[in-house]
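Please keep the sequence and the structure in view while going through them.

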Amino acid sequence: MEFVSGYRDEFLDFAALLFGWFRKFASERGTGVGGGNGPEGRSRLMEAQVRRLPPDPALWVLHILPNRSVGISLGQGAKQGPGPGLGAARLLGDEPPLCLRDLSPYVSFVSLEDGDEEEDGEEEGTGGEEGELEEEGEQATTSQEPIQDTETPGEPEDAEEEAGEDSSGGDTREDGEEEMGPEKRRGKRGDAAPLHLACLLLVTDEHGTILGIDLLMGGPQGSGVRATGAEGLAQRAYTLLCHSMVCPMGAGDPRRPRQLTVGDPQLHRELESLVPRLGVKLAKAPMRTWGPRPGFTFASLRARACHVCHRHSFEVKLMPCPQCGAVLYCGETCVWADWRRRPDDVSHRFWCPRLAVFMERAGELAALPFTYTAEVTSEMFNKEAFLASRGLTRGYWTQLSMLLPGPVAPGYLPGNGPPLSLLLSGDPYQLLQGDGPPLMPPLPPDPPRGPFGSWQDYYAWRGLGLDSPLAVLLTYPLTVYYVITHLVPQSFPELNIQNKQSLKIHVVEAGKEFDLIMVFWELSVLLPHVALELQFVGGALPPENDQQHFTLQRDGSGVSVRPGSGVSAHPGSGAKEKGSRRDLQIKVSARPYHLLQGPKPDLVIGFNSGFGLKDTWLSSLPRLQSLRVPAFFTESSEYSCVMDEQTMAGATGGGTSPPQPNPFRSPFRLRAADNCMPWYCNAFIFHLVYKPPQGSGIRPAPGPTPPVPAPTVPLVPARRRRGEKRPSRGGRRRRFLRRQVR
């Protein structure tokens, strides 16, 4: 069993969904799936199929989003510069990109007006219209890829397909809305002509669920996008509407809307005679303008996929395992394929009773005191709508949203670390703000009287209402606080950590946490008697931030910054007394933990670590074994904790403590594509149990052993069970080592 929910980049998942649907649509459109004699016969069969679908009371919208000024420049291999239309697999190989910025040497935005290129290393800039090139030139091959393969070969293309939608959508807003895309870095490259996505056809419902997409390449700019080769734009849009009803990309079964509105006057007129044939009422007048409005977000992340063959819910009907209810399958074939995996301990036969136990924790993990708990812990949680409805569209909130790719502030790009100018602003909570009034209240006049053990207690002391969403960001510093005040005293009482006046803490594999670095200032508020030093360590940290060192220090009502080695001094930032209390020292080491040199820390902490997802843990865990310092880690699910224990045992011979729910976990339930398990950021906490030194005569403490119900067999015909091979008693333990896809 392999799950990467909670670690995989949501944008890549969304791109995979878009590309998977578009590939299926383009293949069926090109081959005329549906039979019939010629295009007219196929059209009649499709119309008859649509008319039999149940009606959807929601209004559907057909958007036409022209792209007038932005093209795509493709690079060749590691060389930067425009090139011919190579497929992403030929550019990048079969491995998917670990980070979206990995695609920036290959694909970039280009201005068609002045020839200047506009690069974007974030979500919108990870490639785009290269996918359109494949629609025209490589459609036949991509549509025939075997379904049972993993998503690995297609993911780079997936990311590029999605960005085409974003780029064209962003340009449409030039006609009357502010562009919501990120700031773009401009540069010059060669003179080769860029690719051009002429326009994007997009079908959504009134709630924002994406139901279908079509991408039109080439053609002159402006009014020249009206024609698309042999077929007109109206026929292309009509075909897209039919496919969107028969196999909607987003959530829900096949259905047809009662009413449709079109966002283009000419296309509205051309569809007046076609849409009624589907039993759909066309609005009397076209929708004059369209743009993001309050409450409207693209919510297509609701689509699920089979755990074995990865086909999405718009291709097949999915069902959970009838025994554990945790894993999604498309049918009996995939159930048996997963049940019979080898070695035995990677099969669903082995994991099914354990996953059933994990599923029972769903209610406990969802027991949070917030007014919005029911919404954010639902399996169908629409995170984008939640953020948009509360005006959480800037600052650190852009790190949580797939639809808010803009930088948190000028000069800041996620993954590149915070510029010193942001830290010198004087307001440590500036990047936690939304579009409305300040979210963080003034500091309480008195320090905490005792350690907090729940969100409710912390919110009451901090002056926050239970409707505040700040727990989503504050989960990181509050988890560190909980480890210091509760878990270390329980597990390592001999350290007397609560009486220490200074603490040196290593935050390992801290790429995402470093992008949210200012949230850790809350530790100095919660622990005012302690001088804290946080050292962020990890190979995923930006190399340009390596060896940076600065100190955040309370200065009246604000915060001042004293630069250290590797950071240039800011005018007017006078030197403060070194090592004073209420300091928060920040150090950065952009290298794997086993290569870090320096003093021994008091405490090591890792967030959502995923030991089996990155091979550097096989070196970092032995380094921690040699240091023998308290090391606590969080995981997003109980399943991940068990996998971490196996990796720890294989890497060091040690183990982990039994995981326990983290009271300061994030309230947002994470999306799971191929399973129904409850995933939350920082959901569980455990600490490493080191192997005793040789000759000590002490045996290591056993790792967690979840209770196992009586094993059952899947509901399949008996003849298949009789043909099943008897499992080997000497089945070896397999270590799950996969590349990190956070």
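1. The buried residues of helix α10 pack against β15 (328-329), α9 (332-339), α11 (362-365) and α20; contact here means heavy atoms within 4.5 Å. Helices (H or I, at least four residues) and strands (E, at least two) are DSSP runs, numbered from the N terminus. The model is predicted: local features need pLDDT of at least 70, side-chain atom pairs count only at pLDDT 80 or more, and totals for chains, interfaces and linings use all residues. Residues are numbered from 1 along each chain as its sequence is written, and side-chain values use heavy atoms, leaving out hydrogens and water.

2. Helix α10 (residues 348-359) is mostly covered, with 9 of its 12 residues buried. Buried means under 20% relative accessible area, exposed over 50%, and partly exposed in between (1.4 Å probe, protein chains only). Among the buried residues of α10 are Trp 351, Arg 354 and Phe 358.

3. Helix α20 (residues 638-652) contains Ser 640. Ser 640 counts as buried because its relative accessibility is 5%. Residues up to four places away in sequence aside, Ser 640 touches Tyr 7, Glu 635 and Trp 679.

4. Strands β2 (residues 60-66) and β7 (residues 197-205) run antiparallel and are joined by 7 bridges. Ile 64 stands opposite Leu 201 in β7.

Note on methods
Pairing = 2+ DSSP bridges.
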